[in-house]
Amino acid sequence: MSYRLGVDVGGTFTDLLLFNEANGQTWRGKTPSTPEDPSIAVVSGTKQICEDAGIGAGDISVFLHGTTVATNAVLEGKGAVVGLIVTEGYRQVMQVARSFVPGGLAAWIIWPKPTPMALLENTVEVFGRMDAQGQEVRPLDEANIRTELLKLKSRGVQALTVCLMNSYLNGSHEKRVGEIAIELFGQDMPISLSHEILPEMYEYERTLTTVANSAMRPVVGKYVRNLKAELTRMGMNGQLSLLRSDGGLMSAQAAELKPVNLLMSGPAGGVTGAIFVAKNAGFKNILTLDVGGTSTDVALIEHGEPRLQRTTEVAHLSVRASSLDVRTVGAGGGSIAHVPELTKALRVGPQSAGAMPGPACYGRGGTEATVSDANLVLGYLPEELLGGRMKLDKAAAIAAVQKVADAMGVDLMEAARGIIDIVNENMFGALRMISVQQGYDPREFALMGFGGAGSLHSNAVAKLMGSWPVIVPISPGVLCAAGDATTRSRAETARSFSKRKSQTTDSDVHATLSEMADQAKATLIADGISEADISLKFEIDVRYYGQGFEVPMAVELDDFVTGGVEKLASAFDEEHRRLFTFNMETEHELVNLRCVALGKALELPVAPIEQGTGDASAARLTDHKMWVEGGWQDGAIYDRAKLRAGDVLSGPAIITEMDSTALVLPGCVAKVDALGNILINPA
Amino acid sequence: MPATILETKPRPFRRTPVDPVSLDIIENALRNARVEMDATLFRTALSPGIREQGDAFPMIADPQGRMVVGQFGSFLQGFLKGYDGEIEEGDVILLNDPYSCEGAISHTSDQLVIMPIHHDGRLVAWGAMFGHMTDVGGKVPGSLPTDASSIFEEGMRLPPVKLYRKGVLQEDILKIATHQSRMPEWYRADLIAIVAACRVAARRLVEMCERFGDDQVNSAMNDLLDRNRRAMQFLIGQAIGEEPVFFEDYICDDGKGAGPFKIKCTMWREGERVILDFDGTDPQSDSSINFYLNENMFKMFFGIYMIMVFDPQILFNDGFYDLVDVRIPEGSLLKPKFPAALSCRTHALGRIFDVLGALLGQKQPDFLCAAGFSSSPHLMYSGFHPDGEWFQLFQIGFGGIPGRFLGDGADGHSLWPGFTNVPNEFLERYFPMRIEKYECAVDSGGAGLNRGGNGINMVYHFLENGTISIHDDRWFVPPWGVNGGQPGARSWKKLVKADGQAIPLGSKMDRVTVEKGDELHYVTWGGGGWGDALERDPALVGLEVRGGLVSVAGARDYGVVCDEDGVVDDVATDDLRNKLRASRDPLKVFEFGPGIEKLRETCEAETGLPAPIQPVWRGRISDKIAAQ
């Protein structure tokens with residue numbers, strides 16, 4: 001028998017989901033995370049779940065894993081010391097960056113000057129130059145390369161990046177510098193060449209992306225090797241795969257070489273899990289609302305496919321690597337409400353109470369009102385969380401919210417309601433950005449909340465958006481683990497093309513795409529996937545010649561047997577009109593080509609839950625008063641574990657489970673589907 | 001004659017109370033609408049000036065034309081006052097003549113689009129945006145002739161005209177405007193992109209009206225304006241004294257040999273009002289460096305500078321205008337008389353930010369910033385590709401951000417919001433040039449406890465014959481330091497011919513012929529330093545020597561003795577610092593460098609260029625006739 005294991009490492013819990021590939025039977029596991037070394041919880045959770053299922057670790061054929069190791073390395077500044085080799089005249093490429101100062105007029109006065117990820121003192125220049133056609137203007141000087149590399153060696157750099165001008169057109173100079181670096185530093189030195197990591201135009205973005213990759217390589221490499229060794233010791237010989245930022249899987253070996261693709265691995269797990277749940281529940285178009293302690297992530301899924309973006313943003317870092325188009329706003333359960341004296345406005349976030357002291361109601365010394373405190377005051381959160389393991393301090397929550405009320409000159413409940421309205425509005429704003437502003441009608445989408453507090457806000461946000469039903473999925477951590485376990489292997493090749501329509505032909509495009517397809521396939525084949533199981537997808541970034549922003553267009557290879565370029569141009573016109581309401585007579589430009597190779601999609605059936613009678617009263621824990629629509633109303637608290645398929649309940653109500661709470665508003669009805677998801681609709 | 005606004009269902013707005021939550025929601029929706037305007041423009045415009053560098057600015061105003069979100073203040077007041085016609089739903093106004101809108105836009109390159117936003121038969125708001133077009137015709141490619149002597153040499157001059165009339169595009173107007181440009185395709189695309197951005201604002205405003213009701217939205221706009229007024233009233237009372245303070249700074253020259261031009265501003269408070277008086281500013285120039293400064297725009301700059309330190313998150317608006325009185329003498333550099341040329345106003349526009357910072361900082365020297373990158377240098381390069389196709393580059397340069405109370409100024413960055421540089425690989429791919437060097441100009445940032453940012457040293461290698469124009473400043477009067485910090489280095493340019501001959505170039509030049517193989521060294525100025533350089537951590541100075549930001553010789557300005565590798569000699573450093581402390585003059589709040597007279601004496605020897613000649617007020621014949 002063979003099993004797949006999905007593991008998601010969250011801030012608080014590490015969740016596991018084990019699938020029997022033969023019959024779809026599943027086991028869930030949950031264990032506290034171990035932030036000091038995340039692999040400890042991964043290993044102990046794996047042992048536990050194998051015991052529960054009565055299998056040995058050797059029965060696991062595929063181990064799938066979403067990790068925030070790379071993300072945390074960036075956020076906590078724990079990346080490696082990177083040595084950077086650039087073209088003569090470009091030593092300060094990271095220092096000058098794009099010359100951009102964020103904020104409005106005069107914002108430079110208060111803008112903290114950033115420190116480049118590769119320090120200037122660890123950046124050296126080498127002679128030699130390629131032109132914008134990829135032709136050599138001046139040759140390399142090997143003696144000069146050795147001198148400069150030895151300087152870096154004496155400074156103790158831990159990883160190397162080579163990024164030379166116009167290397168996206170011709171990488172031979174970078175290759176040679178890399179070879180000499182291996183001679184001088186040895187095989188174990190992690191070396192990233194920019195034309196391999198990101199063969200695209202724009203020297204700063206390519207340098208930054210490659211430097212970020214270098215900075216993460218030692219950290220990610222160590223983590224992956226340790227984990228692999230531990231799992232091997234347990235007897236697991238199956239394949240270890242990691243979840244990429246774009247929602248695909250990559251082998252552990254590939255992750256070691258290109259960890260820049262892991263930066264958004266965490267959020268990607270939620271989105272791929274949401275896709276899995278939605279598909280089983282019969283929904284193809286969904287908006288996701290992942291509410292954590294300090295921030296909320298939102299994403300749009302159309303026809304079962306998430307939108308991708310060409311950049312990955314973590315903190316102030318923006319690198320060119322594909323990731324799911326997940327937008328983040330600084331609004332979460334821990335966001336602090338405050339009233340600036342100068343303007344007397346009510347603001348919620350972006351400051352957060354974090355894990356310590358946390359919201360006032362956590363009783364860890366926090367005194368500032370947070371979103372969680374307002375939820376508690378309004379009766380949207382029960383006074384006990386984590387199945388009774390955590391008791392909330394309602395008096396502290398009231399005291400904190402009262403301070404906001406006093407500053408605003410309103411009463412307690414109005415202030416609490418105001419805090420929730422504003423945070424819902426911020427989430428609404430984020431969802432509008434990915435739907436209305438991209439030309440999508442949110443009424444054609446269902447809304448799925450997850451994360452600790454997603455389902456506390458999803459009903460209210462759905463009312464603002466007109467997105468129904470609200471889907472309350474299986475518990476949030478498991479959702480991510482399910483995403484890890486059910487997504488497909490993925491390899492991507494990308495190339496700058498930069499040709500106008502009149503400068504290229506169908507056969508030119510066909511030949512280039514075919515060559516890229518072979519490369520992408522080879523990556524998956526090297527990871528042990530059989531060629532027959534690989535499917536290919538192609539994308540071309542198109543713009544009107546001279547525009548600075550491309551639109552990625554999906555294409556088929558066969559189109560370019562004949563008529564493909566024309567077809568692409570008219571498809572782009574249509575998309576441009578949808579996005580921006582007008583077309584231009586300017587010629588089209590094919591900017592970048594991409595090929596994605598995908599492993600086989602896993603069709604895992606999900607076992608239905610026990611059928612109920614339609615009456616949810618068996619799950620009703622207690623009566624409960626809730627402040628809704630301007631006054632107190634009688635509601636109830638339900639225990640999710642006791643709900644059965646087909647059960648129906650009416651708002652106002654809250655539904656609790658181990659690590660999340662769902663709020664059902666008055667005028668809405670919640671119904672449990674065959675698989676255990678709760679669907680909320682207007683009554 | 002003011003504009004007549006036509007409404008199909010006119011009725012006054014009812015001021016209704018807006019609860020704080022709705023106010024916050026509407027405030028955010030306005031902010032988002034503006035962000036969306038920018039996004040739409042940058043994604044669809046064609047010219048690198050707009051889409052890569054972000055030289056375009058959106059605004060949303062209430063029905064009376066007061067800005068509720070934006071950054072340059074309302075563009076509407078002058079237009080509304082002067083437009084002799086009717087405005088109705090579906091109209092879109094286009095203009096580019098600064099004299100037709102009281103300088104809301106300040107040169108013909110900026111095209112201003114104004115869109116009334118109607119809901120349910122009445123005017124609920126205005127959307128507007130202006131963008132700098134690569135070319136609007138005139139005597140030089142790029143339409144910024146330094147040597148123009150009247151606005152008639154600066155390309156087409158559009159008074160407010162209807163680009164759309166009741167929702168219908170006036171093709172003839174678009175054709176006429178587009179036809180004036182050397183880059184008609186870019187002009188047309190950029191203009192359409194600006195209109196599309198305004199339409200986004202209109203859509204969002206209509207949605208807000210549908211959700212909250214017209215009266216609520218209108219009341220919220222009024223509340224937001226009032227809130228700003230209250231905040232500013234408080235700040236003015238706190239930060240501005242009744243005792244006048246003044247500051248003066250200079251534009252180095254006008255490209256025709258005159259200079260430096262003094263900009264002087266005196267500030268004091270009378271009751272709750274603050275007065276900003278530019279009396280003492282030098283006369284207008286015969287060239288195009290004049291800056292027709294709109295009083296409201298200056299009020300906005302003043303307000304933003306005031307509030308940036310106190311509450312940077314506020315959504316800034318026009319609400320406080322009646323608290324500020326701006327006085328600008330007629331015929332001066334900042335209020336030139338028609339038909340004075342205006343195209344190269346960028347230097348004076350930038351310089352008033354330095355003046356403003358210095359004025360406001362005098363009462364709180366800790367928050368005072370040094371002189372900075374207060375201009376936006378340009379390079380134009382045009383000619384023909386080998387296949388006969390015309391190319392025309394308009395590129396904005398960057399430089400050193402001043403030393404600040406917060407810390408060092410960034411190297412080679414922009415003081416202008418939203419501006420970014422054009423990637424050199426892009427330049428090389430689309431224009432016949434190779435960028436051989438793109439780095440900070442070593443030692444150009446003024447020494448200080450907090451170092452001024454370094455300017456940029458950029459070397460262009462031209463691959464085709466063509467013409468270039470240069471627009472820059474601060475080559476003659478150095479950018480000053482503060483609180484004991486030293487001035488930054490001045491800018492310079494030179495053209496190196498293929499045979500090695502080096503020709504020094506002025507900072508404002510039109511139509512310089514370049515040949516294939518020539519190299520242009522374009523070096524911008526550095527930001528001034530903040531605080532006593534002898535107090536700066538020697539190890540940090542050493543690190544910057546190793547990083548190539550400061551030279552071994554430059555380190556001595558900090559009293560630091562080190563080697564090429566940045567290894568500091570502690571004993572020698574202590575010695576040098578003691579010696580310097582003992583011998584120097586007392587530190588000054590403002591360090592201007594040698595002074596104008598001394599600069600004139602040494603100009604030719606230090607810069608290779610003749611010293612500029614002092615500008616004088618001259619009675620023009622037309623003025624004399626008018627006076628009689």
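**Exercise 1.** How many of the twelve residues of helix α13 (residues 454-465) of chain A are buried?

*Solution.* The model is predicted: local features require pLDDT of at least 70 and side-chain atom pairs pLDDT 80 or more, while totals for chains, interfaces and linings use all residues. Residues are numbered from 1 along each chain as its sequence is written, and chains are lettered from A and ligands numbered from 1 in the order in which they are written.

Step 1. A residue is buried if 20 or more other C-beta atoms, placed from the backbone, lie within 10 Å of its own, exposed if 12 or fewer, and partly exposed in between. Helices (H or I, at least four residues) and strands (E, at least two) are DSSP runs, numbered from the N terminus.

Step 2. Ten of the twelve residues of α13(A) are buried, and the helix is mostly covered. Among them are A:G454, A:L456, A:H457, A:V461 and A:M465.

Step 3. Just after α13(A), A:G466 takes a positive phi of about 75 degrees.

**Exercise 2.** Determine how α12(A) and α13(A) are oriented to each other.

*Solution.* Step 1. The axes of α12 (residues 412-434) of chain A and α13(A) come within 10 Å and cross at roughly 60 degrees. Axes are lines fitted to C-alpha atoms, for helices over the stretch in contact, with angles from 0 to 180 degrees between N-to-C directions.

Step 1. Angles under 35 degrees count as roughly parallel, over 145 as roughly antiparallel, 65 to 115 as roughly perpendicular and the rest as oblique. The two helices, α12(A) and α13(A), are therefore oblique.

Step 2. Contact means C-beta atoms, placed from the backbone, within 7 Å. On α12(A) the contact is made by A:N424, A:M427, A:F428 and A:L431, and on α13(A) by A:H457, A:A460, A:V461, A:L464 and A:M465.

**Exercise 3.** Describe the overall form of chain A.

*Solution.* Step 1. Chain A holds 16 helices and 37 strands, and its C-alpha trace spans about 80 × 65 × 55 Å along its principal axes.

Step 1. The radius of gyration is taken over C-alpha atoms, and the globule rule is 2.2 Å times the number of residues to the power 0.38. For 683 residues a compact globule would have a value near 26 Å, and chain A, with 26 Å, agrees.

Step 2. Of the 683 residues of chain A, 54% count as buried.

Key:
Contact = placed C-beta atoms within 7 Å.
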